[in-house]
Amino acid sequence: MSKRHKVEFPGGNGARLAGILEMPEGREPRAYALFAHCFTCGKDVLSASRVARRLADLGIAVLRFDFTGLGESQGSFADTNFSSNVEDLLCAAGFLRKVHRPVDLLIGHSLGGAAVLAAAGDIPEARAIVTIAAPASPDHVVKQFACTLDTIRHQGQAEVELAGRPFVIKKQFLDDLDKHKADYIGDLGRPLLIYHSPVDKTVSIDEAAEIYNRARHPKSFISLDRADHLLTRRADADYLANTLAAWAEPYLSGERG
């Protein structure tokens with residue numbers, strides 16, 4: 001069992017971000033991980049909570065948090081973008097560095113995976129990086145609201161429905177995406193593990209192939225076979241956490257460079 005601690009820290013624009021630190025029960029963590037959730041999701045989405053709890057059971061502490069404007073975090077989602085997500089990640093890493101110890105593992109799901117790849121260069125203490133159902137480039141996310149792109153560009157914003165909830169997307173969100181071309185994937189300088197499902201209907205497995213091809217060794221790929229994009233089956237989340245811990249162990253223990 002893991003112990004759950006609610007935490008708060010300032011995000012990139014000063015808003016208070018809400019997080020949960022999953023800690024191993026009755027022992028010191030052998031590593032600390034930082035988990036970035038999927039687009040418009042939150043720290044309590046099943047993929048984040050289940051993976052974090054299982055990793056804590058395996059001795060790895062995990063900080064999962066709500067990006068600005070989502071969940072219990074302060075701020076306006078409409079005023080956020082990919083760059084602000086990256087800044088929030090850097091703030092989360094800074095919180096761990098100051099209050100506990102530097103982060104060892106960066107884990108990102110979907111657009112959170114793209115954010116982890118983009119932020120990694122500014123979190124040099126992280127020993128390894130993991131993406132889950134992530135796109136190779138952050139601009140892939142516009143496919144989720146493609147029918148409103150003209151409205152956003154001409155009117156400055158539009159309300160879109162994502163996962164059954166309304167969100168306001170502003171033109172500045174699109175403009176910010178244009179700045180990120182994912183050139184950083186080839187410069188990670190750390191081991192990379194890519195998870196993806198061949199039946200993912202939200203982000204094609206072709207994106208995983210693109211990440212893999214751009215990255216340098218050491219790099220690994222693990223198929224999630226029948227999993228959906230949000231890892232709604234507990235068995236998929238548990239399998240991911242179990243294999244992740246086994247893969248990361250040599251890097252966490254210093255057995256590999």
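This is a predicted model: local features need pLDDT of at least 70, side-chain atom pairs count only at pLDDT 80 or more; totals for chains, interfaces and linings use all residues.

User: How many aromatic pairs does the structure hold, and what kind of pair do Phe9 and Phe65 form?

Analyst: The structure holds 8 aromatic pairs. For Phe9 and Phe65, the ring centres are 5.7 Å apart and the planes stand at 65 degrees. Planes over 60 degrees apart count as edge-to-face, so the pair of Phe9 and Phe65 is edge-to-face.

User: Where in the chain do Phe9 and Phe65 lie, and how many residues apart are they?

Analyst: Phe9 belongs to strand β1 (residues 2–10), whereas Phe65 belongs to strand β4 (residues 60–65).

User: Are Phe9 and Phe65 buried or exposed?

Analyst: The cut-off for buried is a relative accessible area under 20%. Phe9 has a relative accessibility of 2% and so counts as buried. Phe65 has a relative accessibility of 0%, and so Phe65 also counts as buried.

User: Which parts of the structure does the pair of Phe39 and Phe77 tie together, and what kind of pair is it?

Analyst: Phe39 lies in the loop between β3 and α1 (46–57) and Phe77 in the loop between β4 and α2, so their pair ties together parts that are 38 residues apart in sequence. Both residues are buried. Their rings are 6.1 Å apart from centre to centre, with 50 degrees between the planes, and the pair is tilted.

User: Which residues do ring pairs link into a cluster with Phe39?

Analyst: Phe39 touches several residues beyond four places away in sequence, including Phe77, Phe145 and Phe173. Considering ring pairs, the cluster that includes Phe39 is made up with Phe77, Phe145, Phe167 and Phe173.

User: How many residues are in the largest nonpolar core, and how many are in the second, separate core?

Analyst: The largest nonpolar core has 56 residues, and those with the most contacts inside it are Leu34, Phe39, Leu63, Leu89, Leu106 and Phe145. The second core, which is separate and includes Val51, Ala133, Ala227 and Leu240, has 33 residues.

User: How many residues of helix α3 are buried, and which elements do they pack against?

Analyst: Helix α3 (residues 111–119) is mostly covered, since 9 of its 9 residues are buried. Those buried residues pack against β3 (31–36), α2 (82–99), β5 (105–109), β6 (128–132), β9 (192–196) and α6 (205–214).

User: Which cysteines form a disulfide, and what is its handedness?

Analyst: Cys38 and Cys41 form a disulfide, with their sulfur atoms 2.0 Å apart, and both cysteines are buried. The torsion about their S-S bond is about -100 degrees, so the disulfide is left-handed.

User: Where is His140 found, and which residues is it in contact with?

Analyst: His140 is found in the loop between β6 and α4 (149–155), and with a relative accessible area of 10% it is buried. Leaving aside neighbours within four places in sequence, His140 is in contact with Pro135, Thr202, Val203 and Glu207.

Technical notes: Residues are numbered from 1 along each chain as its sequence is written. Side-chain values use heavy atoms; hydrogens and water are left out. Buried means under 20% relative accessible area, exposed over 50%, partly exposed in between (1.4 Å probe, protein chains only). Helices (H or I, at least four residues) and strands (E, at least two) are DSSP runs, numbered from the N terminus. Contact means heavy atoms within 4.5 Å. A nonpolar core is a set of buried Ala, Val, Leu, Ile, Met, Phe, Trp, Tyr and Cys residues joined through side-chain atoms within 4.5 Å. Rings of Phe, Tyr and Trp (its six-membered ring) pair if their centres lie within 6.5 Å; planes under 30 degrees apart count as stacked, over 60 as edge-to-face and the rest as tilted. A disulfide is a pair of cysteine sulfur atoms within 2.5 Å.
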